[in-house]
Amino acid sequence: MREVLDTLLTGWQSGTTAGLATVVRTFQSAPRPPGASMLVSADGTVAGSVSGGCVEGAVYELATQVAKDGVSQLVRYGISDDDAFAVGLTCGGILDVFIEPISRATFALLDGVHDDMAAGRPVGVATVIEHPDAGWIGRHLVVRPHGFEGDLGSDRANHAVGDDTQGLLAAGRNTTLTYGPDGERRGEGLRVFFASYAPRPRLLVFGAIDFATALARLGTFLGYRVTVCDARGVFATAARFPGVDEVVVSWPDRYLREQIAGGFIDPRTVICVLTHDPKFDVPLLEAALHGPPVAYIGAMGSRRTHADRLERLRAVGVTDAELARLRSPIGLDLGSRTPEETAVSIAAEIISLQWGGSGEPLHTLVDSIHHDDLVDPDPPTEPSASPGQKLIEA
């Protein structure tokens, strides 16, 4: 919903009803992950995507209908040999898509969700996508780090879902949860999709050089909250790094230690050290490698520079286990030459490490091209509709 929220809120404020389609579960090589959304506004305009183009036409028609009749639908789009192009899902994936009407009447708490996301506060939304009682379907529970508001249908269900989604919110994960009809943790009947809207992950770029300019720009494009830090104020200027979230003039290790002490570094944080100057990068990397778990720590430099850096880090007490967290020389081997190409190689390594990619050309692989844990690891051999779910085979 994040990608369509501003447009959704505009219609919500004006009193109209929109049709919101959200991917709630995927199997095999599905083109978009759970949480991807497509919005059809009251005037017929479209924002977002659930499939990168594969089933957009079919979803558009259904979302338009849902906005008019107010009846939510859970639909599975999949493959069949008989009619492989019925809705255009030729990639071989299977999508469960929940389509719901969104208005002031159906989601009164939407403005609060928007405010939290705009302010960078963690917030999640649990939506009932399946239940024996049709009156439950489409109800929402807004989850925050220290509580929840809304009503899924019963106090028991509210507390079960509100408690169970706290960890998902902290990790920034989207997933479907299954309960008994009244929120019993054992049983089936109630299915809830939880979408987590955590603040943007951070990209800390140390060293205000030309490579940092390119990497900061690419980091912003990839959705990171980008900070550029350098002790040299003549280089660390907003004019040299337009579009980044902040430019900090400080000794890199001092700034990082302050961020760690303040609790601003989390497991999604990416740290890129581009200074390749021992007086900056050794104390900085010491702080990073002694610090809390992060998604990525990379340092620029030649193999000779890296070997010297390792000796210096060992001399200040960094262990081999901690050094194993360091990616250096930084980036994947793409044959990069320019700052922009180098930024792409660094981003490629970050993405590969995040999702478990091999870095190999896709055409040489025989396994699934998706490695993330949001794709169901044990999909059904024959897609079948759940109670209340409509099955459309492509």
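**One residue and its setting**

Author: Ser103 is buried, at a relative accessible area of 7%, where buried means under 20%, exposed means over 50% and partly exposed lies in between (1.4 Å probe, protein chains only). This is a predicted model, in which local features need pLDDT of at least 70 and side-chain atom pairs count only at pLDDT 80 or more, while totals for chains, interfaces and linings use all residues. Residues are numbered from 1 along each chain as its sequence is written, and side-chain values use heavy atoms, with hydrogens and water left out.

Ser103 sits in the loop between strand 5 (94–102) and helix 3. Helices (H or I, at least four residues) and strands (E, at least two) are DSSP runs, numbered from the N terminus. Leaving aside residues up to four places away in sequence, Ser103 touches Trp12, Thr16 and Thr17; contact means heavy atoms within 4.5 Å.

Trp12 also belongs to the contact of two helices: Leu5, Asp6, Leu8, Leu9 and Trp12 in helix 1 meet Leu110, Asp111, His114 and Met117 in helix 3. The residues of this contact divide into six nonpolar, one polar and two charged. Here Ala, Val, Leu, Ile, Met, Phe, Trp, Tyr, Cys and Pro count as nonpolar, Asp, Glu, Lys and Arg as charged, and the others, Gly among them, as polar. The axes of helix 1 (residues 5–14) and helix 3 (residues 110–118) come within 10 Å and cross at roughly 145 degrees; axes are lines fitted to C-alpha atoms, for helices over the stretch in contact, with angles from 0 to 180 degrees between N-to-C directions.

Ala21 is part of strand 1 (residues 18–27) and is buried, at 0% relative accessibility. Its contacts beyond four places in sequence are Ala36, Ser37, Met38, Val50, Val59, Val97, Phe98 and Ile99.

Buried residues of helix 11, including Ile346 and Ile350, pack against helix 6 (210–221), strand 14 (270–273), strand 15 (296–299) and strand 16 (326–327). Gly356, with a positive phi near 75 degrees, follows helix 11.

Two backbone details come next. Most residues other than glycine have a negative phi, and most peptide bonds are trans. His276, in the loop between strand 14 and helix 8 (278–290), has a positive phi near 35 degrees and is partly exposed, with a relative accessible area of 42%. The peptide bond from Ser328 to Pro329 is cis, with omega near 0 degrees; Pro329 lies in the loop between strand 16 and helix 11.

The protein chain has a mean pLDDT of 88, and 88% of its residues reach 70 or more. Confidence is highest in strand 14, at 98, and lowest in strand 17 (residues 389–393), at a mean of 45. Over residues 80–89 pLDDT stays under 50, and the model has 25 contacts for them beyond four places in sequence. Residues 372–394 are also below 50, with 59 contacts beyond near neighbours in sequence.

Technical notes:
pLDDT is the predictor's confidence in each residue, from 0 to 100.
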